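Here are my notes on the model you sent. Please read them with the structure open beside you.

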Amino acid sequence: MPSIDPAPVKIDFTKYFSIESKTRKRSQLKELRPYFDIPGMISFGVGIPHPSTWPVNGMTLSVPFAGKSVYVPGYENRSPEDMLPLTSYTEPKKGEDLFPDLTSELQYSSTYGTPHLLGWIKEHIKRVHNPPYDEWQNLSTAGNTDGTDAILRACFDRGDYLLVEEFAYPGLLSPAATLGINCLGVPLDKEGLIPEALDEILTNWDEKERGGPRPKMLLVVPTCSNPAGVTIPVHRKREIYSVCRKWDLLITEDDPYCFLQIRPNGAASPIVPSFLSLDTDGRVLRIDSFSKIVAPGSRLGWITGHKTIVEKIMNTRESATQCPSGFSIAAIAAILRVWGSHDGFENKYIPHVSEIYSKRCLMMIDLLKKHVPSEAIEIPEGSGGMFLWVRLKIESHPSFPKEDPDKISKKVFQSLIEEKVLMAPSEFFKAPSISSWSKEEEAKRSFVRISFSLPPQDEMEEGCKRMGRALAKEWNVNVNA
Ligand SMILES: Cc1ncc(COP(=O)(O)O)c(C=O)c1O
């Protein structure tokens, strides 16, 4: 297992900036902002609304305490009585961590975010990832879609290359294509992105042949990935980091499922260390989101990275979202406070959410084993999150090798639709690739993404039965008893 030399390697961040970043002109008015914070300053500088005009005196949220979920009838997650708080509510004290302050939360804030939530995020990052260098900084975002867009705009010009997983999140592939960025897929195995394959692509890079310079960045979804459901183990992360250091690549870890990984002993099982926690150089941009752990509609997340590059990313948001939603910040800050800040969030709430998805993941695996013929599919181990990446054994389909694997996969998909069970075929996620596969290899690269996050238990079972019937017909084998 290669270890990362703890002596930091100096990075010239300026070479990663896009022309858009280098030439962006900031509004002159924005440059006044630092002066507002000087104690005693009287400002006639900008026209911002008066807080006495806020038509909101306060917000009342009904928050189940850490370790509990909202009761939703039909989703078999406990009873309304079970949602009663364990601890009684305490009045916030002025100046305490996460003290709610609508006067400032509803005002235009710094693009980086409001100080009390930023303080919480900084402490959270220290506690969970503890980046091994000093000059890191956070930027609030409207979630990871927004964070990714900001990073792409700050770092890439049209025609630049971005390395991604060979099966990648379409929410990355399409915006990147829109910005004229060429994504290139790096092959995966059961532990995620293969470092040797990454090194090979970079070693053999031919600017003329590719029509562009060597890629600047690798973007990965390291935990319970979408679509492949894989969590990259730490030994693999070290290898990937070393290759990125060798070729001076930035690494973006888009990690919205970080806390949904299977943790057999709850809070006592540590999460797999992140790329950020290995980052001695400041080459990792980590994007986090409250979407999968609090609520997607919160549209709130944050980026962590070297302050030089985070500043450029911030500039892209300054002229886009301006600052995060104050209503959202107020609500999230209040929820985190009720849960008991860091300790309640990390040790009670997060293990509780991860347990909900872990159970669903393991239940889906059992149902697939029970109802779908093993001649037709290979079931992964499952690492939690929301997805299982199930391989279709096209190589043993009766029409192979007479027909092309691609054609067989499409036919299988149609059979699933006829049985009225829907899952996403791997072709939706395929990033452009420079690898060429033989027909036999291609036959082993057909998957379906099964999402187990939402359906009620009886629908999960019925869906697996339908899948079993469709595939038994396709593979010409018996339906499981
Ligand atoms: C890999 C990945 N990144 C980003 C997102 C979007 O996250 P957010 O709601 O924070 O924008 C998703 C959600 O589906 C995702 O799967």
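1. Two strands pair if DSSP finds at least two bridges between them. Strands (E, at least two residues) and helices (H or I, at least four) are DSSP runs, numbered from the N terminus. With that in hand, Glu-378 has Arg-391 in S11 as its bridge partner. Strand S10 (residues 377-378) runs antiparallel to S11, and two bridges join them.

2. This is a predicted model: local features need pLDDT of at least 70, side-chain atom pairs count only at pLDDT 80 or more, and totals for chains, interfaces and linings use all residues. Residues are numbered from 1 along each chain as its sequence is written.

3. Arg-391 also has a bridge partner in S13, namely Phe-447. Five bridges pair S11 with strand S13 (residues 447-451), again in the antiparallel sense.

4. Is strand S11 (residues 387-392) mostly covered or mostly open? Five of its six residues are buried, meaning that 20 or more other C-beta atoms, placed from the backbone, lie within 10 Å of the residue's own. In the protein, buried residues make up 42% of the 481 residues.

5. The protein has 15 helices and 13 strands. Its radius of gyration is 24 Å, close to the 23 Å that the globule rule gives for 481 residues, so the protein is as compact as a globular protein of that length. The radius is taken over C-alpha atoms, and the rule is 2.2 Å times the number of residues to the power 0.38. The C-alpha trace spans about 80 × 65 × 40 Å along its principal axes.

Definitions and conventions
A residue is buried if 20 or more other C-beta atoms lie within 10 Å of its own, exposed if 12 or fewer, and partly exposed in between; C-beta atoms are placed from the backbone.
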